[in-house]
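Let's take a walk through this structure together. Have the chain open beside you, and follow along stop by stop.

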Amino acid sequence: MRARLLALCALLPAAEAPAAAEGPAPAGVAPQVGPPYVALGFENASPVWADSREDGVTRIHLLYDHERGSANRAAGHLHFRLEAAPGSRHTLEFVNLDNVWNGRPGSVAREFRTLVVSQDGREWSPVRPELLSTNRVRLTVQMPGPQLYVARVEPYRLSDLDRLLARLRASPLAAVETIGRTVEGRELELVRIGSERAPFRVFLRARAHPWETGGNWVLEGLFDRLLAGDDTARRLLSRYCVYALPLANKDGVARGLTRFNLRGKDLNRNWDRPADPELAPENAALEAWLAAQLQAGRRPHLAIDFHNDGGGQLHLSRPEVAERDGYLARMERLEALLRARTWFTEGSTKAAFRNPGSFGDGWLERFGVDAVVHELNVNWIAGLDEPPSARRWREYGAALAEVLDAFFGPVPAP
Ligand SMILES: [Zn+2]
């Protein structure tokens, strides 16, 4: 019973846990026995280091990724394992949250409203850290056993992708193609679900920014729905074909990085010009694939690039193109369908928004593809009034299967 109580205790939001400095520990609760060891020797661990302050707080120092030739920098991926005496309590403070984004300084602390913890690195529970000031975030945990994983969001690792690809390769309805290699030579796999002869096509990308795993869970939910083998799945696959690049920044995922590729390029920028095959081979490979699709008469009818942030909106950028009004009308319809058929409530960026070179902007401007960046809210799912989780993002992906069907509408007459 005691072990069970301790396990539950570790999962309490920090604000609801008993205060740390209130005299001797109550009977039956082990006292704190020095700072925890912060272990990083496992897949997708984030590059952090730790020290302990005199007041017993363990500071977790994140390390920034830097953009090549720019002031932009980002830290925000968290994935480490605490090792300490079962029952001991530890207060962690995260340091180096002063990111620079699009040339503007801004702390990422407000996007740390929910973190996740796990005893085994597989089953995760949400915890609510405390925002101490604009760039200080604190989390108190009680060790349910000798180790406790802490992460920003539920991790999705290269090994998770490998499991997915093995499943897809075994399915007659799916195909996996290597379209190029990352800076470090990792294969970039492009997945197809359904027939190339289907009347509609959608392209989906996840993990341009390596910490943002939400899109992977959405893709898994969508793929599972389409491969369920029931009448609905057969109907959906007669209507559209899904193409997806599930781990766009594979090197960053392997190394537990936050935003840029290994040559300091942001894979959600510079789509307003041809990708540099030396500096951004990941985008150059995707661009070559897209060019071949266009050449073959297979222009995607929709392209969605999944991300995570604290806002969770559809980012509708507005390049100066002739078909802009039609694009915006179709994106308005997409938003309405998401609101009607999923828990999405966050809405879209408003009329003045433009983010040149981002995925949605560049694909519309250069390739005439209806493309959009879809942020997934990492703080809270307002439509469900609960913290985000892999389970909820999978459900979102499953519901997206029907949203896409409705979005494409009737097959045009030949
Ligand atoms: Zn992102």
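**A guided tour**

What you have here is a predicted model, in which local features need pLDDT of at least 70 and side-chain atom pairs count only at pLDDT 80 or more, while totals for chains, interfaces and linings use all residues. Residues are numbered from 1 along each chain as its sequence is written, and side-chain values use heavy atoms, with hydrogens and water left out.

Next come the aromatic rings. The structure holds 17 aromatic pairs. Rings of Phe, Tyr and Trp (its six-membered ring) pair if their centres lie within 6.5 Å; planes under 30 degrees apart count as stacked, over 60 as edge-to-face and the rest as tilted. One of the pairs is W124 with Y149, edge-to-face, at 6.4 Å centre to centre and 70° between the planes. W124 sits in the loop between strand 10 (115-118) and strand 11 (125-127), and Y149 in strand 14 (residues 147-151), so this pair ties together parts that are 25 residues apart in sequence. Helices (H or I, at least four residues) and strands (E, at least two) are DSSP runs, numbered from the N terminus. W124 and Y149 are both buried.

Another edge-to-face pair joins W271 and F359, with 6.2 Å centre to centre and 85° between the planes. It links distant parts of the chain, 88 residues apart: W271 is in the loop between helix 5 (250-255) and helix 6 (281-295), and F359 is in helix 8 (residues 359-367).

The charged end of R73 sits over the ring of Y64, 4.0 Å from its centre, and R333 lies over the face of F407, 5.0 Å from the ring centre. A charge counts as sitting over a ring if NZ of Lys or CZ of Arg is within 6 Å of the ring centre and within 35 degrees of the ring normal.

The largest pocket holds about 700 Å³. It is lined by 36 residues, and W101, V108, E111, R259 and D309 are the closest to its centre. Strand 9 gives the most to this lining, with 4 residues. On a 1 Å grid over the protein atoms alone, a pocket is an open set of points with protein on both sides within 12 Å along at least five of seven lines, a cavity is a set where a 1.4 Å probe fits but cannot get out, and lining residues have an atom within 4 Å of a point. Grid points are joined across faces, edges and corners, and a volume is the space filled by probe spheres set on the points. There are 2 cavities of 30 Å³ or more, and the largest cavity has a volume of about 50 Å³. Its lining includes T114, R152, E154 and W393.

Finally, glance at the backbone. N44 has a positive phi, near 70°, though it is a residue other than glycine. N44 lies in the loop between strand 1 (37-39) and strand 2 (48-52) and is buried, at 2% relative accessibility. N102 also has a positive phi, about 50°, without being a glycine; it is in the loop between strand 8 and strand 9 and is partly exposed, at 32%.

Key:
Buried means under 20% relative accessible area, exposed over 50%, partly exposed in between (1.4 Å probe, protein chains only).
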